[in-house]
Amino acid sequence: MTTQDIQRGDVLLRGAGRFERKVGIFSRLVAPGFAKVLDHIDRGLATGSLRATLPDGSERMLGGRAEGFDCEVTLHDWRALLRLATNGSIGWYQAWEAGEWSSPDPVPLFALFMANAATLGGTARAKGPMRLAARVAHWFNRNTKDGAARNIRAHYDLGNDFYAAWLDETMTYSSALWGVMGEPNEYQQMTSELSYGQLGKIAAIQQRLQPRDGQKLLEIGCGWGGASAIIAGQGVDIDAISLSPEQLAWAKEALPEDLAGAVRFLERDYRDVDGQYDGIFSVEMVEALGREYWPSYMDCIARNLKPGGRAAIQYISIRDDLFDAYAASADFIQAYIFPGGLLIRTSEFRALAQERGLEWRDRTDFGQHYAETLCIWREAFDAAAAEGALPDGFDDQFVRLWRYYLMYCEGGFRGGGIDVHQVTLVKPESYKGE
């Protein structure tokens, strides 16, 4: 094992260190008083239930007033509640990593908290100095041009071999969409269930673009190149951009020889693209930008799309009524997984498009498909870890972090507070620009 291998994943973990807050001696002494947090949680659970086993061995049932997600949690240490009450989802992960709580299945727990996010209010969000500290730490991860390259590489350059160990054969790291290509049994001999859904997602993007022979398209955030390779088969030329050297190297190597002249994989920031394209597509890239860069992303689409052109965008949102509280701090995902990111508020994103003369059409919502995608990824990741199929260099702490991330996101989608969408943006033939 090389020194480079040993350090794989350390960029994410070191970056998350800015969000960590130690539980001091005084906090340990007063932590039992934070049992009142359980009262707040109980009052905030409009649906579902939580059976909690407390550090003293007693049990308490929270919620249970209406049907919803039912889950179990064992609190091994009162400090877990202190972390939750003061540092929100970041503290709750840190308590889990410290062994202060456990659950036979954390997914319904995350779903329960998401389903009741509005009624729980600030019960499970960072507060006071912790919230300010999280905002400052998140500010250091903002997506300037240098920052964007650093943030993307921290996550995506964990290694192609790492992602290949648990993604499907299409190497697609975004939500699948089932039911687009007909019944699954038509494809079972040629692909897995997940690959079938990923091909369906790409087919839906293609249907929105309506590509024709001889057209030129742009993909913003091309990942490992699968979508561009498939869509290029329709006789179009594609410029596909990314800031991840690892992904671009894979994409170039995997591109079929007969498409070598049709797709150009480019290491380029979307803000530096200046051309004219018949269509633009972008799958789950905008969430990585941060709110202050949403306008520049929409500027890129409006600037580079020909009049009459179509853009197909797949994006992840958080419910509008939850957005302000969410954006006021930083959560576990921003601290440990996607530095600099922020989920979209659909109303604001749509307004930005319309302000630039882009028509917002035919939005499709399919958040439960993402929950299933994440479940399949987690099963594949767990199998790879158990079989020793993950590449060298990822220690047990990182493996636990990644498993927690996949469970956390699955629960979020199952709880309904976050969703994934496809939408078509159309630049009218009569577009005059600024």
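The conversation below sets values for this structure against the definitions behind the words.

Visitor: What kind of model is this, and what does the protein chain contain?
Guide: This is a predicted model. The protein chain has 19 helices and eleven strands. Of its 434 residues, 56% count as buried. The chain exposes about 18600 Å², and carbon and sulfur atoms supply 50% of that area.

Visitor: Why is Arg51 called partly exposed?
Guide: The relative accessible area of Arg51 is 35%. Buried means under 20% and exposed means over 50%. The value for Arg51 lies in between, and therefore Arg51 is called partly exposed.

Visitor: Where does Arg51 lie, and which residues does Arg51 touch?
Guide: Arg51 belongs to strand S1, residues 49–53. Leaving aside residues up to four places away in sequence, Arg51 touches Glu59, Arg60, Met61, Cys71, Glu72 and Val73. The C-alpha atoms of Arg51 and Asp70 are 8.0 Å apart, although the two residues are separated by 19 residues along the chain.

Visitor: How do you know that S1 and S2 pair?
Guide: Two strands pair if at least two bridges are found between them. The bridge partner of Arg51 in S2 is Met61, and Leu50 stands opposite Leu62 in S2. The two strands form a hairpin with five residues between them, and Gly57 in the turn has a positive phi of about 95°.

Visitor: What makes S3 a partner of S1?
Guide: The required number of bridges is at least two, and S1 and strand S3, residues 70–75, pair over five bridges in the parallel sense. Thr53 stands opposite Thr74 in S3.

Visitor: Why are S2 and S4 placed at the edges of the sheet?
Guide: Four strands form an open sheet in the order S2-S1-S3-S4, with mixed pairing. Strand S2 (59–63) and strand S4 (101–102) each have a single partner strand, so one side of each is left without a neighbour in the sheet.

Visitor: How do you know that helix H5 is not straight?
Guide: Helix H5, residues 79–97, has 19 residues, and a straight helix would reach 27 Å at 1.5 Å a residue. The end C-alpha atoms of H5 are only 12 Å apart, which is short of that span. H5 also bends by about 150° at Asn87.

Visitor: What makes H5 mostly covered, and what follows H5?
Guide: In H5, 16 of the 19 residues are buried; for each buried residue the relative accessible area is under 20%. H5 is followed by Gly99, whose phi is positive, near 80°.

Visitor: Why is strand S6 called largely enclosed?
Guide: Strand S6 covers residues 237–242, and five of its six residues are buried, so S6 is largely enclosed by the rest of the structure.

Visitor: Which strands pair with S6, and in what sense?
Guide: Strand S5, residues 216–220, pairs with S6 in the parallel sense over five bridges. Leu218 stands opposite Asp239 in S6. S6 and strand S7, residues 263–267, also pair in the parallel sense over five bridges. The bridge partner of Ile241 in S7 is Leu266.

Visitor: Which helices link these strands, and what is the handedness of the units?
Guide: From S6 the chain crosses through helix H13, residues 245–254, to S7, and this β-α-β crossover is right-handed. S5, helix H12 (residues 226–232) and S6 likewise make a right-handed β-α-β unit. The term right-handed applies if the path from the first strand over the helix to the second runs clockwise, with the strands pointing away from the viewer.

Visitor: Is Gln210 buried, exposed or in between, and what of Glu284?
Guide: Gln210 has a relative accessible area of 45% and is therefore partly exposed. Glu284, with a relative accessible area of 11%, is buried, because buried means under 20%.

Visitor: Where do Gln210 and Glu284 lie, and what is the phi of each?
Guide: Gln210 lies in the loop between helix H11 (193–209) and S5, and has a positive phi of about 50° although it is not a glycine. Glu284 lies in the loop between strand S8 (277–283) and helix H14 (294–304). The phi of Glu284 is near 50°, a positive value in a residue other than glycine.

Conventions
Residues numbered from 1 in each chain as written. Predicted model: local features only at pLDDT ≥ 70, side-chain atom pairs only at ≥ 80, totals over all residues. Heavy atoms only, no water. Expected span 1.5 Å × (residues − 1). Bend = angle between axes of the 7 residues up to and from the residue. Buried < 20%, exposed > 50% of the residue type's maximum accessible area, 1.4 Å probe, protein only. Areas by Shrake-Rupley, 256 points an atom, 1.4 Å probe, with all protein chains shown as cover. Contact = heavy atoms within 4.5 Å.
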